[in-house]
2 protein chains.
Amino acid sequence: MHQRTTSPAPERFTVDYRITVRDGRPIEEHARDITIEQTLEVPPDVIPPEHLEQQLTGRIEGIEPIPGSPGRYDVAISYRCDITAFSVPQLFNVLYGNISLKDNIRITDIRFPDSLMKIFGGPRYGIDGLRRLSGVYGRPLACTAIKPMGLPTAELARIAGAFALGGADLIKDDHGITDQSFHPFEERVIRCQEAVEEANARTGRKTLYLPMVSGNFDNLEKQVRFAVRRGVRGILMGPMLVGFDTMRYMAKEYNLIVMAHPALTGTCFHDREHGMTPAVLLGTLFRLIGADISIFPNAGGRFHFTARECGGIASALRAPMGDLAPAFPCPAGGMSLERIPELAAAFGPDSVFLIGGDVLRQADIEEGTRRFLDGIRRSFAEELAEPDDPFVSACEWRAGGVPEKTPRDLLRFAGFRWEGRSREDYKSPEEFDFRGVSRQELTGRFGEQTAFDLRYFEIEPGGYSSLEKHLHEHVIIGVRGRGVLVKEMEEFEIKIHDVAYVGIHQKHQLHNRGSEPFGFFCIVDHLRDRPQKV
Amino acid sequence: MHQRTTSPAPERFTVDYRITVRDGRPIEEHARDITIEQTLEVPPDVIPPEHLEQQLTGRIEGIEPIPGSPGRYDVAISYRCDITAFSVPQLFNVLYGNISLKDNIRITDIRFPDSLMKIFGGPRYGIDGLRRLSGVYGRPLACTAIKPMGLPTAELARIAGAFALGGADLIKDDHGITDQSFHPFEERVIRCQEAVEEANARTGRKTLYLPMVSGNFDNLEKQVRFAVRRGVRGILMGPMLVGFDTMRYMAKEYNLIVMAHPALTGTCFHDREHGMTPAVLLGTLFRLIGADISIFPNAGGRFHFTARECGGIASALRAPMGDLAPAFPCPAGGMSLERIPELAAAFGPDSVFLIGGDVLRQADIEEGTRRFLDGIRRSFAEELAEPDDPFVSACEWRAGGVPEKTPRDLLRFAGFRWEGRSREDYKSPEEFDFRGVSRQELTGRFGEQTAFDLRYFEIEPGGYSSLEKHLHEHVIIGVRGRGVLVKEMEEFEIKIHDVAYVGIHQKHQLHNRGSEPFGFFCIVDHLRDRPQKV
């Protein structure tokens with residue numbers, strides 16, 4: 001007999017599929033195919049009966065023919081939330097992974113239970129948060145775009161500064177400006193951010209610069225960290241380019257505003273009988289995975305969304321959706337200054353208007369930006385407040401409430417103490433078993449930006465540290481007395497200036513079996529996992 | 001005047017777009033729109049003349065009307081390679097980012113110069129490499145799939161073992177089996193890998209198990225590392241689910257076989273006038289970013305690819321493509337044992353046949369797998385060789401060309417030397433001015449995965465280190481004698497156990513003005529910039 005989790009009726013989410021039947025088979029068969037294809041993916045005769053009992057396949061919740069459209073149906077199918085493994089890639093896989101390769105199936109709506117929405121989290125800032133940060137109320141936010149790709153970095157920065165002086169609320173990179181050799185990411189971010197900050201110092205306002213982050217897997221997070229250290233508070237990202245979950249993760253980990261770009265999503269929308277509606281992907285799903293602002297090609301620009309599709313996106317971003325914050329719709333794609341009244345009428349105040357090329361086309365970019373803002377103010381009653389910046393970078397957070405933010409030049413050593421540093425508790429005694437251990441944090445949590453922390457520990461005679469393991473490694477240097485490192489099944493004596501190493505997930509513990517204090521430096525990665533008791 | 005890179009004629013890659021004109025505008029205008037939309041994305045009147053000179057926009061290389069299809073054209077457009085920033089996300093963005101949101105444009109072919117292919121790298125193993133690993137020649141490899149999702153881990157492992165005993169060459173997870181609470185990733189990988197290894201010990205063959213990796217951004221790499229440590233040599237991944245570059249990175253960083261799953265790619269193919277052909281995405285592009293095996297839904301199964309489209313994928317995976325290794329096409333999607341002769345005729349020996357449900361349907365899974373292999377052997381002349389396993393995990397690689405690859409537990413200290421570590425030159429004397437400095441690298445370059453390196457330096461009386469600055473910070477701990485840190489305009493005396501800090505871009509130099517050696521530890525980030533002379 002197999003052991004199974006038997007918790008009763010796990011929660012489910014429901015997907016509405018619009019299905020066009022062209023092969024003469026009954027709609028019920030098409031619906032049933034989906035319930036298996038997206039879950040167990042085995043022939044029906046191979047499904048274990050327990051799987052059906054536990055409703056591990058999709059469950060048909062309703063089938064409605066569409067009046068006046070013979071052969072077309074709205075089919076609601078629910079899935080157990082836990083089959084998503086609560087990961088974004090697997091959520092997308094369950095929604096549309098294999099059936100993307102079938103014809104005539106389109107997702108038109110998704111309804112998640114509160115619990116699932118809480119896990120994925122939604123926008124960190126959303127409409128309210130962005131208004132607080134920028135201090136702009138009563139009107140849409142004005143967003144401009146730094147371009148074209150290929151300008152020297154100094155020129156990109158000059159454009160950024162002019163946008164900010166002209167009053168843009170948000171400035172994004174063009175999404176094709178990434179880390180090209182002619183304007184490398186780091187240099188560009190430094191200069192554009194500086195230009196915007198200088199402008200802010202003059203205007204007293206809070207224009208936000210959102211650089212495009214589109215690096216390879218191995219340097220993308222480095223790019224984000226670099227930007228955060230330079231004071232950047234938000235990023236532009238194409239979830240389809242870098243991976244859907246990459247956006248959710250960066251927003252959460254670095255407390256960032258995220259503006260989602262629709263690059264490469266168009267294949268989902270092109271055929272009205274296939275893929276998913278723009279409202280589902282650019283609205284519901286991008287909001288679920290953290291977009292504070294979702295850019296889409298507005299009707300009547302260079303692209304082919306209809307006004308109704310654009311309205312659907314806006315509604316999916318702003319309508320009640322559990323506890324998720326509403327997000328800003330951002331109509332774009334060939335918008336011009338003359339079209340502001342039309343945008344105003346279509347999207348109302350809780351939106352972001354993105355005008356790129358038409359502002360750059362103005363003889364004077366600062367003046368062009370001012371015209372952009374004036375255009376918005378003619379349609380809305382602006383109210384300004386003091387920009388409120390509650391931003392704390394994730395790096396600083398981790399350190400907790402440390403008072404010092406500027407690294408000291410020198411920590412003078414005397415009596416196994418370092419000036420300006422205090423002895424702290426080693427760990428929470430409720431959580432771990434240890435005896436007679438003290439800790440002094442020396443560097444890494446006092447405003448340094450190093451990838452490592454240096455700490456000094458001292459263990460009294462007869463004392464020991466907690467028996468634990470973790471993914472991060474230790475480098476230990478003996479400073480005082482003698483100690484014993486117990487690592488996996490081995491013991492190592494540590495004397496002064498010996499250097500010991502504890503590897504990934506190696507169980508370890510330090511003992512002082514001598515009669516004088518055992519002191520040692522311990523160097524660890526700054527960003528590290530929590531120790532686990534073993 | 002702006003300074004620009006003026007290297008002559010940067011290399012270009014060429015994309016063939018099939019365009020269907022429905023709006024009466026000339027094809028030249030449609031083509032020109034693409035050249036700008038995918039690069040500078042500004043109105044034509046805003047393009048700086050230098051950008052045109054430097055050919056930063058796409059360049060139309062040819063326009064051919066399609067005979068017998070009025071209004072349809074094949075348009076070849078080339079782009080500068082460097083606008084991709086040599087990153088996969090930006091490559092996809094240039095290929096099809098914004099125009100995915102337009103209608104009637106389909107990518108039918110892409111031609112990359114050798115240099116670009118080298119950078120992205122292609123398959124690490126490819127057909128030859130996988131044959132060497134498995135020792136199977138002369139016939140297609142047989143791949144089975146562990147499923148359905150929801151079985152207890154022990155049962156999944158039992159199925160894996162039976163597949164391996166039955167002679168499957170490759171065993172993959174069903175792509176919906178990820179990290180669900182009822183079969184968590186780590187437990188599942190341990191047990192399935194063990195089951196396959198036990199079977200291998202009995203059969204003397206080398207069946208490879210490829211677990212599905214589909215975690216969130218923050219745990220995906222951890223999952224891969226976990227699998228690699230458990231002896232796994234390959235993974236199944238959906239590039240569209242986790243991000244295209246994620247696959248390339250994991251393959252490269254961990255020296256893994258990657259099998260690409262087409263989940264969610266179907267929206268690219270559905271409309272024959274939109275997106276890209278299956279051969280371009282599942283063939284050319286997936287091969288470019290490292291797929292050793294590319295799964296696709298074969299004609300006549302549950303999905304709707306045509307035989308010609310499937311042939312196109314196989315050809316794109318196997319045809320000459322610079323120095324890239326050929327990759328295996330893997331027809332799948334509702335294949336049954338009876339269809340083996342048909343698969344054999346369509347795809348020949350250099351392919352992977354994936355049969356999932358129909359093997360599981362057999363009364364005895366081991367016997368069913370044997371039938372699968374027998375079916376293949378009836379169509380092909382199998383030749384077996386000793387499986388050859390040159391696998392080296394990337395974790396070990398990171399250390400670069402140093403002799404030691406496994407971190408030492410303990411570096412015993414004696415006479416200001418550490419056992420197993422040698423004194424090295426401090427720096428190149430041609431490049432920097434210094435006197436009487438030696439260096440010992442202690443940790444960080446010997447197989448550790450720490451974010452920091454620990455070094456010991458010693459300066460003779462009268463000696464000094466180079467005067468320099470850099471973005472990375474130093475944490476310095478006095479070990480022996482006394483020294484002076486000159487930092488910007490200040491001096492700090494360093495005695496034993498004093499901890500000194502050098503910040504970002506602070507000019508600094510260390511002096512020994514005493515009469516005995518001055519020794520100190522210096523901790524730096526593992527990834528750091530080169531010092532600049534000042």
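1. Welcome to this structure. Over all chains, it holds 74 salt bridges. Please keep in mind that this is a predicted model.

2. One bridge to look up joins the side chains of Arg302(B) and Glu37(A), at 2.6 Å from N to O. This pair crosses between chains: Arg302(B) sits in the loop between strand E12 (293-297) and helix H12 (307-318) of chain B, while Glu37(A) belongs to helix H1 (residues 27-37) of chain A. Arg302(B) is partly exposed, with a relative accessible area of 28%, whereas Glu37(A) is buried at 5%.

3. Next, stay within chain A. Arg423(A) and Glu458(A) form a salt bridge whose closest N and O atoms are 3.6 Å apart. Here distant parts of the chain are linked, since Arg423(A) lies in strand E19 (residues 423-425) and Glu458(A) in strand E21 (residues 452-464), 35 residues apart. Arg423(A) counts as partly exposed, at 37% relative accessibility; Glu458(A) counts as buried, at 8%.

4. Chain B has a salt bridge between Arg25(B) and Glu29(B), with 3.0 Å between the closest N and O atoms. Arg25(B) is partly exposed at 30% relative accessibility, and Glu29(B) is partly exposed at 33%. Back in chain A, a network of salt bridges links Arg139(A), Asp169(A), Asp374(A), Arg377(A) and Glu382(A).

5. Do have a look at Asp245(B), in helix H10 (residues 244-254) of chain B. Asp245(B) counts as buried because its relative accessibility is 4%, under the 20% cut-off. A polar atom of its side chain lies 2.6 Å from the backbone nitrogen of Phe217(A), and a polar contact of 2.5 Å joins its side chain to that of Arg248(B). Beyond its sequence neighbours within four places, Asp245(B) is in contact with Asn216(A), Phe217(A) and Asp218(A) from chain A, and with Val88(B) and Pro89(B) from chain B.

6. Val499(A) is found in strand E26 (residues 499-502) of chain A and is buried, with a relative accessible area of 1%. Leaving aside neighbours within four places in sequence, its contacts include Val475(A), Ile476(A) and Ile477(A), and, from chain B, Leu410(B), Trp418(B) and Leu454(B) among others.

7. Finally, helix H11 (residues 278-288) of chain A is mostly covered, with 11 of its 11 residues buried. Among them are Pro278(A), Phe286(A) and Arg287(A). Just after this helix, Gly290(A) takes a positive phi of about 110 degrees. Gly290(A) and Val499(A) are 209 residues apart in sequence and 44 Å apart in space, C-alpha to C-alpha.

Methods
Residues numbered from 1 in each chain as written. Chains lettered and ligands numbered in written order. Predicted model: local features only at pLDDT ≥ 70, side-chain atom pairs only at ≥ 80, totals over all residues. Heavy atoms only, no water. Buried < 20%, exposed > 50% of the residue type's maximum accessible area, 1.4 Å probe, protein only. Helix = DSSP H or I, 4+ residues; strand = E, 2+ residues; numbered from the N terminus. Contact = heavy atoms within 4.5 Å. Polar contact = N/O pair within 3.5 Å; in protein donor to acceptor, adjacent residues only side chain to side chain. Salt bridge = Lys/Arg side-chain N within 4 Å of Asp/Glu carboxyl O.
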